[in-house]
Amino acid sequence: MNALISFVAVIVLIIISFVGAQTLGLSYLFAVIIPYLAISIFIFGFVYRVIKWARAPVPFRIPTTCGQQKSLSWIKNNPIENPHNWLGAFIRMALEVLLFRSLFKNTKTTLKDGPRLVYGMNQLLWLGGLLFHWSFLIIFIRHFRFFMEPVPWCIKALENLDGFLQIGLPVVFMTDIFIVAAVTYLVLRRLTDSKLRYISLVADFFPLFLILAIAVTGILMRYFTKVDIIGVKDIAVGIFSFNPVVPDGISSLFFIHLFLVSVLISYFPLSKLMHMGGIFLSPTRNLANNNRVVRHINPWNPKVKMHTYEEYEDEFREVMREAGMPLDKE
Amino acid sequence: MYNGGKIIIGLIIFAFIMTLPIWYNLASDQDPSLKDYVIATKGVKGKDRCVLPKEEMLATHMDVLDQWRDLVVRDGERIHTTPDGRRFNRSLSYINTEVETILNTSYSITAEGDTNSTIQVKRVKAKHLKDNITAYSCIECHSNKEQFCDRCHTYMSVDPYCWDCHIIPEPQLMEVAVK
Amino acid sequence: MSETLKQEELVQIDYKPPGTGWMDTKPDIRKGKINWGAVQKSVEYLDLPNPRKWSPTDDDWQLPKDWKKIILEGMRERIEKFRTFQVFMDICVRCGACADKCHFFIGSGDPKNMPVLRAELLRAVYRKEFTLAGKLMGKMAGARDLTEDVLKEWFFYFFQCTECRRCSVFCPYGIDTAEITMMGRELLSLVGLEIDWITTPAANCFRTGNHLGIQPHGFQDSVDFAVDDLEDIIGIKVEAPVNKKGAEILFVVPSADYFGDPHYFGFLGYLALFHEIGLDYTFSSYASEGGNFGLFHSNQMMKRLNSKIYMEAKRLGVKWVLGGECGHMWRVINQYMDTMNGPADFLEVPKSPITGTVFENARSTKMVHITEFTADLIKNGKLKLDKSRNDQWRITFHDSCNPARAMGILEEPRYIINSVANNFFEMPENCIKEQTFCCGGGAGLGTEENMEMRLRGGLPRANAVKYVHDKHGVNVLTCMCAIDKAVLPTLIDYWVSGVQIGSVHELVGNALVIKGEKERTLDMRSDPLPGKEETEDV
């Protein structure tokens with residue numbers, strides 16, 4: 001049901017952009033105004049959300065330790081899974097962000113007769129997630145060839161790398177295949193695993209379908225029904241040099257693609273997609289486990305009612321005396 | 001704000017990357033747009049139209065060339081006939097000076113058998129081509145590679161491997177060929 | 001109660017979620033799965049809100065009239081105070097990696113025991129009240145109104161989480177359900193939804209210095225008993241000072257160590273060890289609790305209870321503090337104590353008076369874990385150990401959640417066990433160290449009325465114990481956590497039989513060769529040592 005709602009929502013978005021740009025001829029709206037709006041919402045929304053997080057303090061230092069602490073000199077500690085300084089925490093974060101290290105540890109629990117619980121390897125989600133995110137990043141960077149003039153060498157190098165198999169013409173980018181495969185897997189696992197179906201919200205399917213639609217329209221434009229990419233680049237460069245133009249004769253497929261991207265980035269700061277920024281602020285991962293070495297400060301450390309020794313001795317003085325225990329006041 | 005320094009630095013990096021095209025285009029002096037591009041083509045009499053209409057060529061020329069290459073190299077099918085009956089030699093960089101040269105050379109038939117037959121075939125082919133062909137190659141009309149090919153390809157960061165094998169004709173040779 | 005639950009029925013676990021969506025499925029609130037509400041007296045003693053006589057099985061929970069406002073205000077306050085809360089509410093993508101990591105989910109199949117859904121209980125209300133998407137899109141955005149039923153669901157599921165943090169090991173964003181549960185419990189406490197097994201020990205601890213409510217003379221008696229019992233075993237009457245000013249070290253243990261079984265055997269081990277090395281230490285009756293049920297209640301309660309350790313260290317004028325075997329106690333000491341009640345600038349950087357080792361890793365907190373201390377003694381050859389005195393045991397070690405995942409003290413106890421005993425066997429690797437499973441009764445849930453959930457939640461742990469029991473003949477499960485030692489006997493008895501629960505320092509006490517001791521025939525349990533069975537007087 002949630003999947004269906006999301007799917008329909010994406011179809012409606014496609015229709016809106018098709019009708020808007022093609023039938024109503026609102027190409028300026030779709031090629032200039034909406035992208036400007038979307039980019040602004042994305043950047044300012046993202047910054048706003050992160051600052052909102054930043055305004056809340058981290059009162060306690062609570063890293064999740066996944067390895068031996070640094071204690072006695074002769075015990076080998078695990079400087080990454082249980083970092084004792086900023087460098088370890090930095091490496092831990094880098095591995096988390098770049099390689100999804102925690103997700104790599106994933107296991108699958110099965111209850112067998114006996115009863116016997118078995119924990120199997122389960123790296124499929126890790127692989128799917130990693131392929132998806134890296135493909136997305138590379139595709140995003142590759143698109144800079146549309147945004148920048150002249151195209152920097154590093155973008156070209158990335159393209160050559162992505163297309164190094166040199167299959168087909170235009171050369172097939174591996175990331176195009178990976179992203180479609182990975183998103184399809186991510187959708188299917190939400191639909192087929194009963195536990196995941198149970199926890200999945202509209203907000204979980206919607207971005208997946210949206211990204212799938214973006215990838216498919218992009219692939220159609222590159223490999224199947226060609227568009228005037230010179231015109232497309234004119235639009236993109238126009239936007240990024242504040243000199244917007246809308247050439248004639250650009251396929252509506254492009255307007256659909258651009259509109260869906262605009263929706264995605266406007267939706268970004270409102271949604272769980274903010275995990276992109278949030279992961280950096282996760283106190284269980286980005287802090288070193290050095291609480292006993294360096295005092296962590298809680299800016300709102302509250303005044304609480306305490307029970308002092310004097311009050312305690314006042315209450316129990318008699319029994320303490322009888323038991324022969326030392327007293328502060330006789 | 002707590003840990004403000006690190007977070008602000010992170011956000012600045014984020015915003016910078018996301019707006020990189022703006023700064024980049026600002027910094028690069030070149031006219032960032034190719035919106036006034038023209039297709040740099042020599043106006044040659046009787047050769048005012050390509051094998052397909054301009055818009056189609058713009059979008060699909062790479063496919064056309066790809067197909068042509070396979071047809072020529074694998075099947076020896078050299079001649080492309082358009083629906084309106086014009087005939088094109090399927091070649092990217094073949095220059096018709098070569099045809100003239102072959103036709104105008106007299107060869108001794110008796111010297112070496114192998115070479116002779118090769119030359120004869122070439123002569124026949126050349127004559128055939130000369131008589132029926134609208135254009136011998138793409139570059140015959142689109143003679144300025146820099147203007148015609150490279151400008152868009154560079155703009156779009158497209159790196160076709162045509163010229164990995166084909167030799168880029170010398171401009172002087174091109175001039176002769178067009179005459 | 002565990003006798004009435006049949007194993008065969010308990011293991012019929014259906015991991016398939018019900019047909020109704022989770023927002024429309026009500027919890028099954030009944031004995032076996034819940035903990036009783038806090039008694040009025042304890043709530044009043046701690047000045048907590050809404051003291052009354054109530055039970056979670058009542059229809060009317062007697063909430064204050066403006067409960068909804070109180071909860072939402074409480075949420076707002078915590079959003080501003082805890083970055084964790086905000087970030088963890090915002091960034092979960094519901095990837096499901098945590099789902100089958102929770103022992104309660106594995107043992108019950110209840111989908112709301114998947115950490116992701118436990119957090120969604122809070123998240124749905126958070127979205128509704130604090131996010132734009134939730135306000136505009138409602139249920140479509142996964143938002144949900146805060147109703148009395150939702151509140152009851154919170155109570156049910158936030159007291160079905162033992163804050164063990166196993167899920168947070170696997171979460172790609174490090175979302176820590178313990179943190180979410182702590183927020184949930186703090187909110188519930190604001191309207192008087194407390195459980196007695198947390199609030200009453202907290203009240204006891206606040207008043208008498210320990211969870212069990214043992215008054216100073218009772219504490220003195222317990223220590224004296226232990227000294228006597230140890231004398232029967234080793235033939236030496238050891239010194240065990242209480243409230244001694246000017247001692248070098250204050251030694252703080254969880255109260256169950258001197259009152260509970262099998263904790264007590266480890267307590268005897270400590271006494272024997274300290275006697276042997278001639279340690280200048282003292283117990284305190286005022287700080288007679290290392291554990292801290294405040295951790296399971298609220299950050300403020302944690303601070304209130306924890307404050308005694310430093311205050312007492314200052315009053316007694318010790319140089320540094322040594323802490324006994326306990327799980328959540330060490331989470332508090334490692335992650336909260338210095339922040340809450342520090343700086344302990346009146347203490348010195350801990351230095352072992354026997355070996356001279358400086359505990360740099362406790363430079364600021366000034367509190368050392370007993371296994372760090374003992375491992376250092378052994379490594380420096382300060383102890384004479386007779387491993388064969390532990391030959392009656394085939395040993396495995398249970399990493400307790402908090403020492404493993406909130407501290408990382410993994411190798412110290414293993415080093416000690418391997419130094420004092422011959423037969424040590426690890427459980428399978430997905431069940432130990434940072435992936436260790438909870439005993440099922442942590443975070444204040446080790447009650448009789450919660451027995452079904454305890455047995456279910458403890459299944460993964462018990463199952464791993466059964467594995468090494470069957471494979472290697474393991475007959476003792478050692479651990480260093482007072483809650484483990486309290487709840488594991490029932491659990492292990494139920495799922496596995498023939499495995500005892502023991503302490504690391506119980507094994508140390510057995511193996512330790514003490515100068516001037518009589519010929520040892522008994523172990524710390526006063527059971528005959530291997531090969532000494534005949535000589536025992538009956």
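How many residues of domain 1 of chain C are in contact with domain 2 of chain C? In this predicted model, 20 residues of domain 1 of chain C are in contact with 25 residues of domain 2, two residues being in contact if their C-beta atoms, placed from the backbone, lie within 7 Å. Residues are numbered from 1 along each chain as its sequence is written, chains are lettered from A and ligands numbered from 1 in the order in which they are written. Because the model is predicted, local features need pLDDT of at least 70 and side-chain atom pairs count only at pLDDT 80 or more, whereas totals for chains, interfaces and linings use all residues.

The domain assignment of chain C gives domain 1 (2-30 + 49-193) and domain 2 (203-511), with bounds that come from an automatic or database domain assignment. Taken over C-alpha atoms, the centres of domain 1 and domain 2 of chain C are separated by 31 Å. On the side of domain 1 of chain C that touches domain 2, the elements giving two or more residues are helix 5 (103-108), helix 9 (166-170) and helix 10 (177-190) of chain C; helices (H or I, at least four residues) are DSSP runs numbered from the N terminus. Helix 5 of chain C gives the most to this side, with five residues.

No contact joins chain B and chain C, and their closest C-alpha atoms lie 9 Å apart. In the pair of chains C and A, 93 residues of chain C are in contact with 82 residues of chain A. Helix 15 (residues 299-316) of chain C provides the largest share of the chain C side, seven residues. In the other pair, 35 residues of chain A are in contact with 34 residues of chain B. Helix 2 (27-55), helix 6 (144-147), helix 7 (153-162) and helix 11 (229-240) of chain A each give two or more residues to the chain A side.

A nonpolar core is a set of buried Ala, Val, Leu, Ile, Met, Phe, Trp, Tyr and Cys residues joined through C-beta atoms within 7 Å, where buried requires 20 or more other C-beta atoms, placed from the backbone, within 10 Å of a residue's own. The largest nonpolar core has 256 residues, and those with the most contacts inside it include A:Val183 and C:Ile492. Both domains of chain C give residues to this core, so it lies between them.

Note on methods:
Buried ≥ 20, exposed ≤ 12 C-beta atoms within 10 Å, placed from the backbone.
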